[in-house]
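Me: I should like to go through this model by question and answer. Please begin with the terms that its sheet requires.

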Amino acid sequence: MASTHLVIVESPSKAGTIKSYLGSSYKVVASVGHVRDLPKSTLGIDIENNFEPHYINIRGKGTLIKSLIAEAKKADVVYLATDPDREGEAISWHLAATLKLPPEKTKRITFNEISKTAVKAAIKSPRSIDEDLVNSQQARRILDRIVGYKLSPFLWKSIRSGLSAGRVQSAAVRILTERENEINNFVPVEYWTLIANLTNSEGKPFQAKYWGDSKKRDLSSKEEVDALIASLSDNYTVKSVKKSLKLRHPAPPFITSTLQQEAYRKLGFSSSKTMKVAQELYEGINLGSALGGTHGLITYMRTDSLRISDSAKEAAKNYIVSEFGEEYYPSTPRNYRSANGAQDAHEAIRPVSIDYVPKKIKKNLSSDQFKLYNLIWDRFIASQMASASFDTVNADIENGTSIFKASGSTPKFKGFLALYEEGTDGGSENDEDKSGALPVISSGETTPLVSLAPSQHFTEPPPRFTEATLIKFLEEKRIGRPSTYATIINTIITRNYAKREGKMLVPTSLADVTTNVITKYFPEIVDYKFTANMEDSLDSIETGASDMNEVLSRFYKNFAAELDVAMKETENTKIEIPEEQTDIICDKCGEIMVVKSGRFGKFAACPNYPQCKNTKPLAKDGKKEKKEQAEPEITDKICDSCGAPLLLREGRFGKFYACSNFPKCDFTLNIQTNLGVPCPKCGKDVIVRRGKKRTFYGCSGYPDCDFSSWDIPTKEICPKCGEILYCKKAKNMLVCHTAKCNFKKEMTDEEIKES
C-alpha cells in the first residue's frame, strides 16, 4: 500500500494552490488559521506558575478539528506547512498539540514563495518545530494578554467602561496625541524670502534666491527685507558656476512596512487592505490553463529583509537588458542591506516569476490585485536597474556683499526612472531634480535685474499623521513589528482613539485622556524606548539567547507594582472625558451641540440637557446632515445615447451615473460594486447587481455569462470538493453549492467579513 502524506496549511486558497503542485499521494487541507487560543472570558495565564498559558480550542472549530484528527490518523507523514514566521510556527505547534501528532511522523516545512519548485524543495527538506520561535510568539501573546486584561479594567474604573489598552496600541495612541498637542501649541514664526528675477547675456530669464553675506542669513521681518533691498544696486554679477553630475539611486525592493506606505501613497490603500490583497497574491491566483493554473505571484509579504536570491537577480537582469537595454543595468548586481534588528528570515517582497508580467495577466486579476502586483513588480525591477543621472548647475551671484544662489537640474540618463519613482509624503530632496534647466551663464557675467520679489512666510506646524507616515514613525522608533502595523491602526480607529479626517488620523478626546492616565501610572507602557527594547527581548527569545519566563517576569514585576499604585490612587476618582463639539448650534437655546452616543449610533445633543432636550442627527463624518442635494460631479464617462458627459449623482439606492443632458436625455448607468472574486463559470469579476426585490451577485461578463447567486461567492475553497464556498450572511455560514456536496462551516462575523 502506497504511503499517504497530509499537508496542513492555514488558508483554503493556499491549500488549493499547493494541491496542484503535489502528486496524488498528498492530501492538502486547511486549518483556517489558529485552532486554539487563550480563552476570551478569562486571563488564561497562570502568573504564579511561570506564566503558564491555558489554551482552549477556538469556538466553532470543533468539526474542523475532528476532521483534521481523522485525516492525520490516516496519514503516514503529516507536513505542517503554515506561514514562515513566528505566528505560522505557533500555529504548527498548536496543531501538533491539538491533533496529538506523534513526533516521528510530524514534519515542519516552510517556503518563502508558493511555487512548484519552492513547495517541492520544502517537502524534501523538512525540519522539526522551532521551539524558540514558538516561545517568542507565546511571549508576545502573553505580554499583550496581561497588559490588555490587567490594564483595561483599570481604565474602566478610572475613565469609562468598555475601554481597552494594549502594549503597542497605547504607544501608537501616544504618538498621535503628542503630535496633536504639538500642532495645538505651535506658534508660527515669520520669515521672508527675496527672489531676484534676472536674465543672462542672451536675455533668457532665471531666478536667484538671496542667501546671505559672508554667511547664511535668515530674513525675519519686512523691515529687514526693505533695508536689504535699499542696500542693493542694479549690478548683479556671476561670482562662480559649479557644474556636476548627480546620481539618484533606486529604492530597495519592498518590505512589509514600505509596501504599506507606498500602497497608501500611490494607490490609496489602507494598511489592512494592502495586507489582504498581498495575502491573495501570495497564496495563489488562477491564471488559467494557458499559464498552468494557479500560481503564487509574490513572495511572503510579512518580512523586514531586503535580501534577494541570486536567481531572482539574474531573472531581473535578463528582463532589464531585454526590455530597456544593457545601459539600464548597473555594472554589478545591486545588494541592499537590511536595517539593524531585521529578522532577515525571508527575502524582500518580489514577484515569484518574472514571466508573469503584470499587463500579461491583468485579465486574471481583480482591479486591486493588479494595482498592488504591478506596484510590487515595478519596484522590484527598478531596484535592480541603473541609477538615474542629472546634470546640475549651481551659481553664486553677487550684489555688493550680498550673495544670491541659483540652481538648475536636467535629466541626463533616466535609469530606473524609466520604470518607477518612489512616492513621497511631502517635500523631498529629489524635488531639485525637477527644478528645470538653468540658462547658460558664465563666471564674471553681468545678469541684468528684471525685478525683486520679496515674500512673507510663516513656519507651519508638523502635519498630522497619515497611515503611511504613522507606519514610518513606528518603524523608525521600532514600535511593534511590520506585520502588526495594520492591526494597530485598525484597533485605534475601531476603539475610537482616532478618527479619519480625509487622509489624516486625528486623535479623539478619549485618546488624550487615556494617554495622560497611562503615561502617569504606567510610563513604560507608552515609552518608545521601552517598547523597542521589548521587541529586542522577543527577538532574543527567538534566537535562544533569552529565556521566555525571565523576560515575562522582568516585565510583570514592575507592571504589577505600577498597577497596584494606580488602583489605590484612583480608587474614588472618575476622570471626565471632554465632550466632542460639533459645528451645530442648538436652535432652541443657542448652545453649541455636542456628540452623544446612543443605541442607534452617534447624534448631536444640546449640552444643557435636561433643561434642553434638543437633538439632531449626525452624518457619518459627525457634521450636520444636509438636506439639499449635493452638486453632481462631472465624470470622464460619456453617455451611450447622446455622447454628453455623465454626471455622478446620488439617489435613494446609492450613487449612479446620469446624462448631463437630462431631461432631454434620460440615460442612466448603475455603478457596479466589484467583489474582487472570480466568477465560478468564466473567471471574470463578480459584481453586485440590483434586482426587483433585493441585490444579488452576478458575473460582470453578462449576458455572455449568466452566473448569478443570492448567496455571496467568496475566495474560500471547499475542503471536500475544491470548489468555491458561498456566504449565507443571515446564518453566518459558508456553504458549498456543488451538487452532492453538503459541506457547511459556521463563521464569526469577523471571519465572514474577511472571506
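Reply: Two strands pair if DSSP finds at least two bridges between them. Helices (H or I, at least four residues) and strands (E, at least two) are DSSP runs, numbered from the N terminus. The model is predicted: local features need pLDDT of at least 70, side-chain atom pairs count only at pLDDT 80 or more, and totals for chains, interfaces and linings use all residues. Residues are numbered from 1 along each chain as its sequence is written, and side-chain values use heavy atoms, with hydrogens and water left out.

Me: Which residue in S8 is the bridge partner of tyrosine 79?
Reply: Strand S7 (residues 77-80) runs parallel to S8 and is joined to it by three bridges. The partner of tyrosine 79 in S8 is lysine 107.

Me: Why does the span of helix H17 agree with its number of residues?
Reply: The expected span of a helix is 1.5 Å times one less than its number of residues. H17 covers residues 548-569, that is 22 residues, so it should span 32 Å. The end C-alpha atoms agree with this, being apart by 32 Å.

Me: Against which helices do the buried residues of H17 pack?
Reply: Buried means under 20% relative accessible area, exposed over 50%, and partly exposed in between (1.4 Å probe, protein chains only). The buried residues of H17 include Met548, Phe555, Phe559 and Leu563. With contact defined as heavy atoms within 4.5 Å, these buried residues pack against helix H5 (131-158), helix H15 (509-521) and helix H16 (528-542).

Me: Which residue caps the N-terminal end of H17?
Reply: A side-chain oxygen of the capping residue lies 3.1 Å from the backbone nitrogen of asparagine 549. The residue is aspartate 547.

Me: Is valine 594 buried or exposed?
Reply: Valine 594 lies in strand S20 (residues 592-598). Not counting residues up to four places away in sequence, valine 594 touches residues including Glu579, Thr582, Phe603 and Pro607. Because its relative accessibility is 4%, valine 594 counts as buried.

Me: What percentage of the residues of the chain count as buried?
Reply: The chain has 18 helices and 34 strands. Its C-alpha atoms fill a box of roughly 100 × 75 × 75 Å, taken along the principal axes. Of its 755 residues, the share that counts as buried is 47%.

Methods
Polar contact = N/O pair within 3.5 Å; in protein donor to acceptor, adjacent residues only side chain to side chain.
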